Amino acid sequence: MAAPTVGVLSNATAAEGVSAKLAAGARYVEGSNVLRLASGRWLYLPSGRTESVVVAAGDGRALRQIGQSRAWLASGRVPGRSAAERAAAGRALLAMRALLRPNGAMAAGWSPGWMYSWPRDSSFACAAFARTGHDEEAFRILRHSAATQRGDGSWEARTKLDGSGPPDGRRWQLDANGWVPWAAWQWYRAAPAEGRRARLEVLYPMIRRAAERAARSLGADGLPPASPDYWELMTAGPNIGTAAPLLAGFNASADLAREAGRPGDAVRWEGAARRLSAGISKRFFPVGYQRTADGRHGRDSAVTFMAPPFNAAPAGLPAALDATYRALLLPNGGLTPGDDPGAPWGATAWTPSTAFFALAWAAGGRPGKAGPVLEWVLSKRNALGELPEKVDREGRPASVAPLAWTGSIVVLALVALEAGGLPTPPLRP
C-alpha cells in the first residue's frame with residue numbers, strides 16, 4: 001500500500017490526498033483545503049478537475065474556492081469553547097466535507113485501504129453534519145445508506161465509493177442496523193422543521209427494513225447473535241459493540257416511527273428495545289459491559305456506545321466507563337481499542353477509541369472528564385491540523401490523516417461541551 005496521506009485537497013466533485021513529502025513546511029490557507037506550500041505558492045484542486053495544480057499565492061480561482069469553503073463553514077456552526085477548539089472543529093468539518101462524495105458516500109480517508117464507505121463511519125459523519133447545521137450533507141449520507149442497504153435490511157461492512165458493492169469478501173456487520181437509524185434520528189432532530197417530515201418519508205423504508213432485520217436477529221435471551229464488532233473481528237458470542245448500537249437503533253427507529261405516523265411499528269420496535277435492554281442488563285451489566293457477554297474478552301472502548309448520545313446510561317455505566325478508560329490507557333496518553341488477550345493492539349493508540357470517551361462524557365454532562373481526553377486527541381493533530389487514525393508509542397500521529405470517523409466524534413464532542421450534552425433516542429418503559 002502507498003504511504004498514508006497526511007491531508008486532502010478537494011473541490012465539489014473530486015479529492016486528492018496530500019503526501020507527507022508534499023506537506024513538509026506547508027499549511028492550509030485558513031478556512032480552506034487550499035495548501036500554501038513551503039515555497040509560498042498555492043496547491044489546490046480546481047473545480048471540475050481531478051488533479052491538483054500549483055499557482056501563485058492569491059490566484060483568483062483559488063481565492064474563489066477559499067471563499068466558497070469559508071462560506072460553507074459560516075452557513076453552519078463551528079463548535080468550540082475557545083479559538084483553538086473552533087479552529088480544530090473547522091479543520092475537521094472541512095476534511096469531512098472533502099471526503100464526502102457527491103453521491104453521499106463518505107470515504108473513511110483518502111488513502112488506499114480507506115477509500116471506501118463504512119456505514120458506521122458514515123453515520124457518525126451524518127450526525128456531526130446535522131448537529132453543525134449542514135443539513136444537506138447529512139441527508140445526502142442517509143440517502144446513500146438507503147441506496148446501499150441490502151435486500152434483507154442489513155449492510156455490507158463497507159462498500160466502494162460508487163455504491164457498486166463491497167470491495168472484498170469481508171463479513172457484513174449487524175451493528176450498521178443500529179448506527180444508520182441512530183444517524184437518521186440525529187439528522188431529523190436537528191433538521192429544519194420545514195420539509196423534514198416529507199424527507200423522513202423518503203428514508204422510512206430504509207429505517208423499517210433495518211429495524212425489522214435487527215428485531216429478527218434477537219435471540220431468546222434478547223441479545224443479537226455473534227457478529228463482527230467495530231474492530232471488524234468476529235466474536236464467538238454477543239458483543240457490546242453490536243448490542244449497544246442496535247439498542248440505539250431500536251429506540252431511534254421507534255421514535256421516528258411515531259413522527260412518521262406509524263404507531264404499530266413504534267410499538268413493535270419499542271418492544272424489541274426493551275427485550276434487548278433487558279438482555280444487556282442481565283448479561284453485560286454483571287461483567288461491567290465488557291466486550292463480550294461471557295466476560296472472557298476484556299474491556300472494550302465500545303462500552304461508550306451504551307452512553308449518550310447513543311443510549312441513556314444504564315445502571316453501573318459510569319463506573320464501567322471509568323474502569324474501562326483506566327484499563328485501556330497507554331503510556332502515550334491515548335487508548336487501545338480493547339484489552340482482549342486474543343487481539344493484542346500493542347502500544348499504538350487509536351484516536352476514535354480515545355475520542356469515544358470524550359464524547360460519552362461530554363454528551364452525558366461530565367465536561368470535567370471529557371475535556372482532558374478531547375484535549376489529548378486535539379494535541380495529536382498533524383502539522384496540517386488533520387486528525388490521524390492512530391498515535392504511535394512516542395506520541396506521534398500515525399496512519400492515515402484525516403480520518404472522517406475521528407473528525408466526526410471530535411465535532412460531536414465539541415458540540416456537546418458547548419451545549420451541556422446531546423440528545424439521545426429515548427428508551428420507553
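Predicted model: local features only at pLDDT ≥ 70, side-chain atom pairs only at ≥ 80, totals over all residues.
The side chain of R262 meets that of E201 in a salt bridge, with N and O 2.8 Å apart. E201 is in helix α7, whereas R262 sits in the loop between α8 (240–259) and α9 (263–283), so the bridge ties together parts 61 residues apart in sequence. E201 also counts as partly exposed, at 32% relative accessibility.

R199, in helix α7 (residues 196–217), pairs with D135 in helix α5 (residues 135–148), a separation of 64 residues. The closest N and O atoms of R199 and D135 are 2.7 Å apart, and both residues are buried. R213 of helix α7 is linked to D152, which lies in the loop between α5 and β8 (159–160), 61 residues away. Here the N to O distance is 3.6 Å. R213 counts as buried at 16% relative accessibility, while D152 is partly exposed at 32%.

The whole structure holds 31 salt bridges. R120, D121, R158, D168, R170 and E232 are joined in a network of such bridges.

The nonpolar residues come next. The largest nonpolar core has 123 residues, and the members touching the most others are M106, F129, W187, L276, I280 and Y289. Beyond its neighbours within four places in sequence, F129 contacts several residues, among them W72, L93, M96, L100, M106 and I141; its contacts also include R97, H134 and E137.

Terms used. Residues numbered from 1 in each chain as written. Heavy atoms only, no water. Core = buried A, V, L, I, M, F, W, Y, C linked by side-chain atoms within 4.5 Å. Buried < 20%, exposed > 50% of the residue type's maximum accessible area, 1.4 Å probe, protein only. Contact = heavy atoms within 4.5 Å. Salt bridge = Lys/Arg side-chain N within 4 Å of Asp/Glu carboxyl O. Helix = DSSP H or I, 4+ residues; strand = E, 2+ residues; numbered from the N terminus.
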